[in-house]
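Okay, thanks for coming, everyone. Let me put the structure up, and then we'll walk through some surface and contact details.

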Amino acid sequence: LFAKLVGECVDLGPCLRRVRNVAGATTVRGDVVIILFVRDLIRSADSLLEGVTLSAPAPRREPHSGRLVPRILLVEDSPNTREVQRMMLEEAGYDVLTAEHGAAALAMLRNAPFDLVITDIEMPEMDGLTLTKTIKRDDALRQIPVIIVSTKSSAADRQNGLNAGAQAYITKGAFDDEAFLKAVDECLL
């Protein structure tokens with residue numbers, strides 16, 4: 001596990017490689033801020049209440065598209081958001097690759113098979129709406145479902161995302177782990 005501190009990746013070392021309930025760390029106005037992994041916190045609380053140990057591995061998903069585990073391309077320019085979402089998806093049992101913007105994602109989509117794309121809207125080089133429209137216009141890619149996760153939360157923004165071809169639109173302000181993973185599962189059916 002790596003933490004982003006002042007723009008540098010810092011190896012947390014063997015003692016802190018997997019600190020329960022912690023997804024990573026960042027800095028805010030010079031102070032180190034720990035990023036908690038909500039699913040771990042809930043699992044820890046449930047285990048304490050039930051007296052169960054926390055060593056059970058994450059459940060693996062059913063086979064999809066000939067692969068044992070569905071492959072998701074996560075497109076997000078914010079390193080912290082990208083890392084938290086990646087860890088959440090991997091914890092849920094998905095194979096996740098990441099891209100920092102739509103242009104990089106499009107290159108990856110043309111070179112390897114993916115079962116789902118999850119993209120932000122506001123990114124450099126190619127935004128998420130343009131990426132979604134490009135995917136849906138390409139005969140080789142159009143069958144790949146797209147979920148948009150964005151800070152843009154108006155009804156018009158949501159409609160623009162769905163009109164671009166996204167199967168789901170989730171606002172970051174109302175982000176809920178369970179609803180997010182449910183949308184992912186539904187798009188992979």
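Before I go on, the housekeeping. This is a predicted model, so local features need pLDDT of at least 70 and side-chain atom pairs count only at pLDDT 80 or more, while totals for chains, interfaces and linings use all residues. Residues are numbered from 1 along each chain as its sequence is written, and side-chain values use heavy atoms, with hydrogens and water left out.

Valine 32 sits in strand β4, residues 31-36; strands are DSSP E runs of at least two residues, helices are H or I runs of at least four, and both are numbered from the N terminus. Is valine 32 buried or exposed? It's exposed, at 55% relative accessible area, where exposed means over 50%, buried under 20%, and partly exposed in between (1.4 Å probe, protein chains only).

Now the charges. There are 10 salt bridges in the structure, each one a Lys or Arg side-chain nitrogen within 4 Å of an Asp or Glu carboxyl oxygen. Take aspartate 95 and arginine 71, with N to O at 3.2 Å. That pair links distant parts of the chain, 24 residues apart, with aspartate 95 in strand β6 and arginine 71 in strand β5. Aspartate 95 is partly exposed at 31%, whereas arginine 71 is buried at 19%.

Arginine 86 and glutamate 83 form another salt bridge, at 2.5 Å. Those two are three residues apart in helix α3, so about one helical turn separates them.

Then there's aspartate 138 with arginine 110, at 3.3 Å. Aspartate 138 is in the loop between α5 and β8 and arginine 110 is in helix α4, so the bridge ties together parts 28 residues apart in sequence.

α5 and α6 pack at about 25°, axes 8 Å apart; the axes are lines fitted to C-alpha atoms over the stretch in contact, and angles run from 0 to 180 degrees between N-to-C directions.
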